[in-house]
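Please read the points below with the model in view.

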Amino acid sequence: MSTFNLGQPSTFILLGIPGLEAGHIWISIPFSLVYLMALLGNFTESSLHQPMYFFLCMLALNDMAISSSTAPKMLSIFWWNVHGIDFDSCLTQMYFIHTFSIIESALLLSMAFDRYIAICYPLRYSTILTNRVVIQMGLIGAARGILMVLPCPLLIKRLTYCTQNVIHHSYCEHMALVKLACSDTLVNRVYGICVALSVMVVDLGLIAGSYVKILQAVFRLSSKEARSKALGTCIAHICAILVSYLPALFSFLTHRIGRKVPAYIHTIIASIYLLVPPALNPLVYGVKTKQIRDHVIDFFFLKRILNYLV
């Protein structure tokens, strides 16, 4: 049993997936494969300098960071039953998970803006989305995530924990930590909800607005082939949005209003929300983007040649 210092536990206990502890070793197989896919898939061609590829590069780096914030500890629970995590490490993991999640949303919004400019103002695309503007958009998105999540660990440090230190989850998550406290958590809950809603409402609202404008521009095109080609450039981005936002929205709602949802369902969905999008994004964009697809083929073909020679 962990010791407590001034109302704070020295360690938390992460259960993994509640109710499915006996199957952790089997559950670890798809999770480890997904994590491996996320690491191997998120490589982009550094010689590509168009704005969209800068966004893809930033998305790849963020995907590797968010999956690496979660998967190592999760797999240590599944493989070796290492359930303990000290208080500060738990807060650090929580901070990085939520920060990178907000940055992911900002990058998807930036990529929606990229598609909007490319389709609605194609002749001005290179003058509007310069490399400097793209980098500034990435930095603003990163700064927003860093600053918005910063109060969360500070607010948690002021809470008192009496006897509860078992987290029914596979990683440290803001609301999971707040629910364990025995002191007043109103400020924590209100701030967490405000951050989550502001990010989702603002980002999804702006993304939706961008696609309304995109559709208006597309349907003004006279050629059916031109309309299909324009919409085809957006398919990968739309898929990335659905893969990222739907599990995140489900996880957010079940934490607050989904009391009848089994704990293991919530934990699996929350884990999918962090691990699956980083693994699928390279596949989605690789299939729809010729330059990236060619780079991946060249990479694996060269690797096969080297293996044959060695």
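1. The model is predicted: local features need pLDDT of at least 70, side-chain atom pairs count only at pLDDT 80 or more, and totals for chains, interfaces and linings use all residues. Residues are numbered from 1 along each chain as its sequence is written, and side-chain values use heavy atoms, with hydrogens and water left out.

2. The structure holds three salt bridges (a side-chain nitrogen of Lys or Arg within 4 Å of a carboxyl oxygen of Asp or Glu). One of them joins aspartate 88 and lysine 157 at 3.1 Å, N to O. This pair links distant parts of the chain, with aspartate 88 in helix α3 and lysine 157 in helix α6, 69 residues apart. Helices are DSSP runs (H or I, at least four residues), numbered from the N terminus.

3. Aspartate 203 forms a salt bridge with arginine 144, the closest N and O atoms being 2.8 Å apart. Aspartate 203 lies in helix α8 and arginine 144 in helix α5, so the pair ties together parts that are 59 residues apart in sequence. Aspartate 203 is buried at 0% relative accessible area, whereas arginine 144 is partly exposed at 23% (buried is under 20%, exposed over 50%, partly exposed in between; 1.4 Å probe, protein chains only).

4. A salt bridge also connects aspartate 114 and arginine 115 (2.7 Å, N to O). Both aspartate 114 and arginine 115 are buried.

5. Isoleucine 29 belongs to helix α1 and is partly exposed, at 42% relative accessibility.

Key: Helices (H or I, at least four residues) and strands (E, at least two) are DSSP runs, numbered from the N terminus.
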